[in-house]
Amino acid sequence: MRTAKQVREYMDSKKRRKGKKRPWVSFKKGTFFLRVGPPWKKKGEVWKDVLFHGGFKEKVYCAKNDIDEDTGKQRKCVVCRRVAELKHDRSKRGKKLWSLINQRSEGLWNVLVAKKIKKIGGSRIVKRYRDNKFHIWRASYKWHMLLVDIFSDDDYREKSILGITHPKYGRLIKLVREGSGRDDTNYTFRVMDKTTPIFKDEEKTEEILKTKVNLDKVVSGSSDEELKAFLRKMEKKAKVLARQDDEESQEEESDDVDEDDDDDREEDEDSDDDDDRPKKKHSRDDDEDDEDDDDDEDSDEDDLDSQYSKMKKGVKSKKAKRREEEDDEDEEDDED
Ligand SMILES: [Zn+2]
């Protein structure tokens with residue numbers, strides 16, 4: 001039994017941890033107006049790439065996320081090394097393993113979510129943003145690239161290379177999320193025609209800019225132990241999957257075993273990601289477990305449905321828990 005003092009200390013430490021909680025944001029079905037933050041360091045980018053292996057519960061963060069400040073070199077990653085070896089491995093097991101462990105990426109962004117907007121002469125001027133601060137949005141590869149595309153558009157960069165993120169001459173983005181499941185979720189982004197400042201008031205703008213998150217500090221690679229454990233687990237899984245495939249194909253006497261592997265490999269050789277290709281989408285159509293989980297962690301486990309369905313259940317409860325945490329700040333947005 002803890003003493004009263006210990007209990008108080010325990011409660012304090014909980015509170016402190018909660019206070020440190022990163023300001024993540026996720027978007028439910030609906031329409032939102034966002035403002036993307038400018039770089040958090042001089043000459044920096046406005047987003048942060050995050051490299052990972054696997055998906056769902058089995059996700060590990062690539063060691064290459066860690067960059068030595070002095071040398072600028074990336075930490076060596078055992079999983080990446082294995083992925084490289086698999087380049088020339090055409091065995092079924094090799095292909096299975098490749099799809100389980102190849103390196104993928106997602107993007108982190110500093111965003112302001114408008115909470116109160118006034119329309120003045122055709123422009124939308126934001127009066128208030130959610131929590132009056134920047135949040136971190138984690139976008140899976142496909143949506144991340146859409147945002148990058150918008151950001152890099154020359155039309156929006158006439159005044160400054162900061163484009164849509166410029167505090168004074170930037171633009172609001174209208175984000176619409178349709179669908180709520182992992183497979184039917186769709187985001188559309190539309191950039192407002194008119195440039196607008198973050199706030200009309202420059203001081204208020206300065207203040208809110210101070211809440212930008214240093215996204216370099218949010219990301220780090222998993223430990224070598226974790227990466228090795230992940231690799232061991234996936235090696236085993238690939239072996240099982242390859243054997244299952246063999247057994248099935250023997251039963252059916254069919255020769256379509258390789259269906260969706262070959263061209264994936266060519267396309268992804270430099271291993272940025274393999275998310276969300278239309279081809280993959282199709283194979284999802286006959287996926288019967290249409291769960292309504294509300295998250296962005298798209299994954300490429302299509303050929304592993306059965307393997308993952310168990311895992312998904314576990315993750316679902318974990319996600320639900322996490323969502324509870326995230327949602328205590330969620331309020332309805334009144335856009336106009
Ligand atoms: Zn790696």
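Nine helices and nine strands make up the secondary structure of the protein chain; here helices (H or I, at least four residues) and strands (E, at least two) are DSSP runs, numbered from the N terminus. The model is a predicted one, so local features need pLDDT of at least 70 and side-chain atom pairs count only at pLDDT 80 or more, while totals for chains, interfaces and linings use all residues. Residues are numbered from 1 along each chain as its sequence is written.

How confident is the predictor? pLDDT is its confidence in each residue, from 0 to 100. For the protein chain the mean pLDDT comes out at 79, with 72% of the residues at 70 or more. Two stretches stay under 50. One is residues 257–319, for which the model has 81 contacts beyond four places in sequence, a contact being two residues whose C-beta atoms, placed from the backbone, lie within 7 Å. The other is residues 323–336, with 13 contacts beyond four places in sequence. Where pLDDT is low, the predicted coordinates should not be read in detail.

Of the 336 residues in the protein chain, 26% are buried. A residue is called buried if 20 or more other C-beta atoms lie within 10 Å of its own, exposed if 12 or fewer, and partly exposed in between, with C-beta atoms placed from the backbone. As for contacts between residues at least 6 apart in sequence, 70% of them join residues at least 24 apart.

Next comes the core. The largest nonpolar core has 53 residues, and Leu 34, Val 79 and Val 111 are those with the most contacts inside it. Such a core is a set of buried Ala, Val, Leu, Ile, Met, Phe, Trp, Tyr and Cys residues joined through C-beta atoms within 7 Å. Strand E5 (residues 103–120) gives the largest share of this core, seven residues. In soluble globular proteins, nonpolar side chains tend to be buried together.

Leu 34 belongs to strand E2 (residues 30–36). This residue counts as buried because 23 other C-beta atoms lie within 10 Å. Leaving aside neighbours within four places in sequence, the contacts of Leu 34 are Val 111, Leu 112, Val 113, Leu 172, Ile 173 and Leu 175. Val 191 is 157 residues away from Leu 34 in sequence, yet the C-alpha atoms of the two are 9.6 Å apart in space. Val 111, for its part, touches Val 25, Leu 34, Arg 35, Val 36, Gly 37, Phe 134, His 135 and Trp 137, not counting residues up to four places away in sequence.

Val 126 sits in strand E6 and is buried, since it has 21 C-beta neighbours inside 10 Å. Beyond four places in sequence, Val 126 contacts Ala 114, Ile 117 and Phe 199. The C-alpha atoms of Val 126 and Pro 197 are separated by 8.6 Å, although the two residues are 71 apart along the chain.

On to the helices. Helix H3 (residues 92–101) is largely enclosed by the rest of the structure, because seven of its ten residues are buried: Lys 95, Lys 96, Leu 97, Trp 98, Ser 99, Leu 100 and Ile 101. The axes of H3 and helix H2 (residues 78–86) come within 10 Å and cross at roughly 145°; axes are lines fitted to C-alpha atoms, for helices over the stretch in contact, and angles run from 0 to 180 degrees between N-to-C directions. Val 79, Arg 82, Val 83 and Leu 86 of H2 meet Gly 94, Leu 97, Trp 98 and Ile 101 of H3.

H2 also packs with helix H6 (residues 224–252), at an angle of about 35° and with the axes 8 Å apart. Here the contact joins Val 78, Val 79 and Arg 82 of H2 to Asp 224, Leu 227, Lys 228, Phe 230 and Leu 231 of H6.

Most residues other than glycine have a negative phi, and most peptide bonds are trans. Lys 43, however, has a positive phi near 60°, and lies in the loop between E2 and strand E3 (47–53). Asp 131, in the loop between strand E6 (123–129) and strand E7 (135–140), has a positive phi near 55°. Asp 131 is partly exposed, with 15 other C-beta atoms within 10 Å.

How values were computed
pLDDT = per-residue confidence, 0-100.
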